[in-house]
Amino acid sequence: MEKKLSRVANTFTPSPIQELSHLAQRCNAINLAEGFPDFPAAPAIKSAAVSAINSDFNQYRHVQGICELLARNAKEMYGLEVDPDTDIAICCGQTEAFAAAMFAIIDPGDEVVLFDPCYETYEGCIQLAGGIPVYVALEPPHWTLDAEKFMSSFTGRTKAVILNSPQNPTGKVFTWNELEIIAEACRSRDCLAVTDEVYEHITYDNVKHVTLSLLPGMQQRTIITSSVSKTFGVTGWRIGWAIANPILASAIRNIHVKLTDSAPAPFQEAALTALSSGPDYFESLRRDYESKRDYSIQLLTGIGFQIRFKPQGSFFLFAELPESSPLSDVGASLALTDPKTKVAFLTLIIPCLLVLMVQVEYVKHLIEQAGVVAVPGRGFFHFNSVSSESEESLSACHDYQKRYIRFAFCKSSATLEAAAQGLSVLVDTKGCLNLPPPSKTDT
């Protein structure tokens with residue numbers, strides 16, 4: 001039956017992030033792999049959802065009030081004028097909003113510029129639309145944008161630029177100067193921009209998120225995608241949106257109807273309560289996550305990880321393995337001692353992590369020895385087929401890509417403390433990571 005699959009379907013593999021999350025559940029390990037909170041959402045928001053269900057808001061539904069609240073918030077937060085009747089499409093989460101945006105603007109052969117490392121969903125949506133992803137590497141350790149490298153990525157086929165800020169996996173918030181570089185490229189090359197702003201309210205150390213739409217000439221050529229998922233701790237509700245000029249928003253809305261018809265009705269009603277939250281909620285959210293970030297940094301650096309870039313936003317730490325780590329550049333051993341863990345690792349993880357084998361051994365070591373699941377950073381990096389870099393510089397690039405592990409800290413204090421206790425078994429008497437020698441058994 002494989003011959004019956006489409007060309008694109010044949011290129012897709014299971015998501016390493018979701019598979020690792022499933023592994024955590026099956027192995028009863030602490031899940032620091034997937035970016036969802038394991039603590040309750042706010043009582044008022046949950047009560048609104050229960051009330052909506054009890055009031056029989058259970059059929060296809062469009063809640064125009066969401067659009068009105070989003071337009072109001074865009075005006076108050078950024079000074080943007082958004083027409084709630086024409087400029088907003090409510091979708092099933094940011095993921096569908098982004099996919100619908102790609103289907104609305106990308107034709108086969110169009111090129112789309114992305115910043116690397118980046119979240120896994122973007123590439124798949126671009127490919128489903130027939131587009132070609134073109135990656136521009138951000139410069140570690142602070143993930144800065146090289147203007148010359150960025151501009152050289154544009155060709156006559158470039159249709160759009162994707163911007164995720166605050167960014168997953170690095171926690172980078174793009175600076176005003178970097179936004180100006182992106183905006184100037186879009187204006188001069190007559191390109192669109194599609195932004196993922198799901199972490200807009202989760203920033204630290206007085207760093208402020210700025211939407212690209214604010215820059216001169218950009219509101220009409222920018223599609224903003226976001227959702228209630230991250231801000232309100234309800235990733236399973238699937239309420240998101242796209243904000244764009246009327247022509248683009250209408251196209252996205254029409255595609256959304258063909259894909260899913262309607263976002264979940266009772267959760268749309270509950271979103272009205274969530275989006276009506278006052279400044280105190282957002283400040284408390286920021287403060288709580290900043291505390292979790294600092295705790296997690298202290299935990300990971302205390303056992304030998306390098307955190308050379310302190311996340312400015314989102315709820316992920318992109319931690320570097322120590323320079324002395326033997327597990328950053330070796331093949332993965334499958335010599336798991338616990339039979340249940342070994343079976344789960346083999347059946348769930350190996351099929352989708354073949355490209356990540358350089359880091360699988362360390363992830364396996366975390367699972368087996370510490371009972372903690374994290375994500376190999378290698379899966380967030382991509383090869384850029386149009387790169388003009390030398391083989392030597394590309395080799396150096398690949399070397400640093402092998403060194404990162406992503407940890408999610410959007411967890412309860414109890415979970416983070418349990419992770420700290422589990423990770424403590426990896427520390428030797430000198431307070432350093434106690435790692436096994438490189439495996440001689442490769443898959």
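In which sense do S6 and strand S7 (residues 222–227) pair, and over how many bridges? The two strands run parallel and are joined by four bridges, where pairing requires that DSSP finds at least two bridges between two strands. Strands (E, at least two residues) and helices (H or I, at least four) are DSSP runs, numbered from the N terminus. The model is predicted, so local features need pLDDT of at least 70 and side-chain atom pairs count only at pLDDT 80 or more, while totals for chains, interfaces and linings use all residues. Residues are numbered from 1 along each chain as its sequence is written, and side-chain values use heavy atoms, with hydrogens and water left out.

On its other pairing, S6 runs parallel to strand S5 (residues 158–164) through five bridges. Thr-195 of S6 stands opposite Leu-163, and Thr-195 also stands opposite Ile-224 in S7. Strand S6 (residues 192–196) is mostly covered, with five of its five residues buried (under 20% relative accessible area, 1.4 Å probe, protein chains only; exposed is over 50%, partly exposed in between). Leu-192, Val-194 and Asp-196 are buried on one side, and Ala-193 and Thr-195 on the other.

Turning to helix H4 (residues 64–78), its 15 residues should span 21 Å at 1.5 Å a residue, which agrees with the 21 Å between its end C-alpha atoms; the expected span is 1.5 Å times one less than the number of residues. Among the buried residues of H4 are Ile-66, Leu-69, Asn-73 and Tyr-78. Just after H4, Gly-79 takes a positive phi of about 75°.
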